[in-house]
Amino acid sequence: MRDLILASIRNGTIDIDAQLVEEDLMIMFNSSRGSVRAALNELSETGVVIRRPRVGTRVNRRDLGVVLDDIAVTGGEQVHIQVTDQCIVPTFPLVRSRLKIDDDVVRLVENSFIARGETIGMRSAYFSPRFNADPNLLRDKPISMARTLAEFFGVAPGGAAVSIGAERADDRTARLLGVAPGETLLSREILYTAADGAPLEIVFDRFRADLVRFESQVDHSDLTWCPDPNPVPPGRESAFTDSREAHTGADRVGSVAQSV
């Protein structure tokens, strides 16, 4: 019930400031008042709805859907950046290895992500000092990595390797994001590459988990599943042991694909 209400708020089926009436939800979900109240209380604890005695429950906010490998949002809303710091720092072995560079130093640019007039996340970006453009040129523009790679790095966009996790906010990050120290944040590490596969930039993002969700769409329509034309009846596997051992590697891959 909580998941469906939250998803309805996210996609706009339930509007911001809409009233959520317990009796209506009981009928909709064919559920008890206790279950409805439990779901609404959980949503209230995260700030999605506001509950007031003798007043009712009202939708308070909708989180931002940030594209998993890019800085862009859904629903027509946009994210802007603000440069909070930039400097030259020694190249850590991890950064040197991921970017495949031999430089002794690397550029570090720290950005804050702004949406709806508030800071929703922070980014620490590392890249070779040979890219010397001013990141403030991208300030207050609706930002995406396609634009950044083209206008800042001067290359055609390639791929992105993404790793998602969670971490606690340290004192400085908490202050910049407007949350309490120790608050759980969404963390994201991305390695961006150019169209020719050359690594360009490694970034470490931290987002407010109460304001942001990651989104991605994957199309596997080009994959075809074919059932095994000669399935082995249960209990008869041993009779086919020798013939299976003679199968080619391609046959074994097909069998594994079927089981997955």
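In this predicted model, the count of cavities of 30 Å³ or more comes to two. The largest cavity has a volume of about 170 Å³. Its lining comprises 16 residues, of which Ile81, Asn111, Leu138, Thr148 and Glu201 are the closest to the centre. Two or more lining residues are contributed by each of strand E6 (105-115), strand E7 (118-127) and helix H5 (145-151). When the lining of the largest cavity is sorted by class, twelve residues are nonpolar, two are polar and two are charged.

The second largest cavity has a volume of about 30 Å³. Arg62, Leu64, Ala115, Arg116, Glu118, Ile120 and Leu211 form the lining of this second cavity. Four of these lining residues are nonpolar and three are charged, with no polar residue present.

At least two lining residues come from each of helix H1, helix H3 and strand E11 (212-215). The largest share of the lining of the second largest pocket is supplied by H1, with five residues. By class, the lining of this pocket includes nine charged residues, six nonpolar residues and one polar residue.

Helices H1 and H3, which both contribute to the lining of the second largest pocket, also pack against each other. In general, a pair of packed helices is described by the angle between the axes and by the distance that separates the axes. For H1 (residues 2-10) and H3 (residues 33-45), the angle is about 50 degrees and the axes lie 9 Å apart. Angles from 65 to 115 degrees count as roughly perpendicular and those under 35 degrees as roughly parallel; H1 and H3 are therefore oblique to each other. The crossing in which H1 passes H3 is right-handed.

On the H1 side, the contact is made by Arg2, Ile5 and Leu6, which meet Ala39, Leu40, Glu42 and Leu43 of H3. In terms of class, five nonpolar and two charged residues take part in the contact of H1 with H3, and no polar residue does.

Terms used
Residues numbered from 1 in each chain as written. Predicted model: local features only at pLDDT ≥ 70, side-chain atom pairs only at ≥ 80, totals over all residues. Heavy atoms only, no water. Axes fitted to C-alpha atoms, helices over the stretch in contact; angles between N-to-C directions. Helix = DSSP H or I, 4+ residues; strand = E, 2+ residues; numbered from the N terminus. Parallel < 35°, antiparallel > 145°, perpendicular 65-115°, else oblique. Left-handed = near helix turned anticlockwise from the far one by under 90°. Contact = heavy atoms within 4.5 Å. Nonpolar A, V, L, I, M, F, W, Y, C, P; charged D, E, K, R; others polar. 1 Å grid on protein atoms, 1.4 Å probe; cavity = no way out; pocket = protein on both sides within 12 Å on 5 of 7 lines; lining within 4 Å. Points joined across faces, edges and corners; volume = space filled by probe spheres on them.
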